[in-house]
Amino acid sequence: MKVIRTVKELQKQIKDLHLSPVGLVPTMGALHKGHLSLVRNAITQCPLVVISIYVNPTQFNDKKDLKNYPRDIQSDLDLLRKVTRKDDIIFIPDDKEIYPVEDKRIFHFGNLDNVMEALHRPGHFNGVAQVVGRLFDIVKPDVAYFGMKDFQQIAVIKELVRQYKYNVKIVGNPIIREPDGLAMSSRNRLLEPEMRKKVPLIYKTISSASGMIHKNTISEIRNYVRGTIEKANGLHVEYFEIVDDTKLKPVSTRREMKKGNRYYGCIAVQAGKIRLIDNIEFPLV
Ligand code: AMP
């Protein structure tokens, strides 16, 4: 693999290699097996894969979160060396490479701006759209890989592609979990040991909830999720919504759920100082 830090050098390499399709895996580093599953999938489909590592300041609505976000480039490169090929590129730009001038663009994503993460992290998806748009412009990938863990992010990026007519296919990859069910996340390493023991309850609870869809009302399921998780000291459910996978419109009654659509239960939990998200499909059959 090659490590490249400037846009100019990256574009020269991509041009000289002349390989297609080009795959892009955007990350913020502090890599784990979830990220590596995206890279592995990209490698099976694309002869050239660009993996970006960039902690994008514009998507952090909380400055403390940005400051504390884990960074470990050395360990990231060690992990990537094991899964990448000779020509694959690790792109590690600094702020000036991504934003040579301040990015003042404001994006509008309709209903996607009015639910779940968008309500609790104002400006977050605008920042995500800025950085992903920039990476698309720089790399010009044919395929870009994202994790289903960031469920709403995938919908937002598909909408970005639609609105700005990017010629890129968006692939969503399944959530990779720890053996106890906790969705892997760079933020997990910030959890205090006592809290780490409690948080598998999140996945355990939404898993049981997904099996309740035929016997219980939506409001019973919501109460069950909140009640069960909040019994653990220090866990607070910020939201739990059951939404369809395209418009992400929260359903409030079972009748609103149409056969043929896919529905997911999406949750955000404040676990002490750390905020975690997860989701699971609520299958109708
Ligand atoms: P991040 O570094 O958190 O911005 O994540 C980079 C990409 O990895 C995003 O598309 C995430 O959705 C994806 N990702 C993060 N955690 C997981 C996971 N546990 N399983 C699958 N994909 C993940």
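Begin with the interface between domain 1 and domain 2: in this predicted model, the two domains bury about 1700 Å² between them. Of that buried area, 61% lies on carbon and sulfur atoms.

To display the two partners, select residues 2-173 for domain 1 and residues 186-277 for domain 2. Give each selection its own colour. The C-alpha centres of domain 1 and domain 2 are 26 Å apart.

Domain 1 contributes 24 residues, which are in contact with 20 residues of domain 2.

Now turn to the charged pairs. Two salt bridges are found across the interface of domain 1 and domain 2. For a salt bridge to inspect at the level of atoms, select Arg275 and Glu117 and show their side chains; the closest N and O atoms of this pair are 2.9 Å apart.

Eight residue pairs, both members at pLDDT 80 or more, are in polar contact across the interface of domain 1 and domain 2.

Then show domain 1 as a cartoon and select helix 3 (63-68), helix 6 (117-120) and helix 8 (151-164). Each of these helices supplies at least two residues of the side of domain 1 that touches domain 2. Helix 8 provides the largest share of that side, with three residues.

Finally, colour the side of domain 1 that touches domain 2 by residue class. The selection comprises eleven nonpolar, seven polar and six charged residues.

Conventions: Residues are numbered from 1 along each chain as its sequence is written. This is a predicted model: local features need pLDDT of at least 70, side-chain atom pairs count only at pLDDT 80 or more; totals for chains, interfaces and linings use all residues. Side-chain values use heavy atoms; hydrogens and water are left out. Domain bounds come from an automatic or database domain assignment. Contact means heavy atoms within 4.5 Å. Buried area is the accessible area (1.4 Å probe) that two parts lose on being put together, summed over both. A salt bridge is a side-chain nitrogen of Lys or Arg within 4 Å of a carboxyl oxygen of Asp or Glu. A polar contact is a pair of N or O atoms within 3.5 Å; within protein, one must be able to donate a hydrogen and the other to accept it, and residues adjacent in sequence count only if both atoms are side-chain atoms. Helices (H or I, at least four residues) and strands (E, at least two) are DSSP runs, numbered from the N terminus. Ala, Val, Leu, Ile, Met, Phe, Trp, Tyr, Cys and Pro count as nonpolar, Asp, Glu, Lys and Arg as charged, and the others, Gly among them, as polar.
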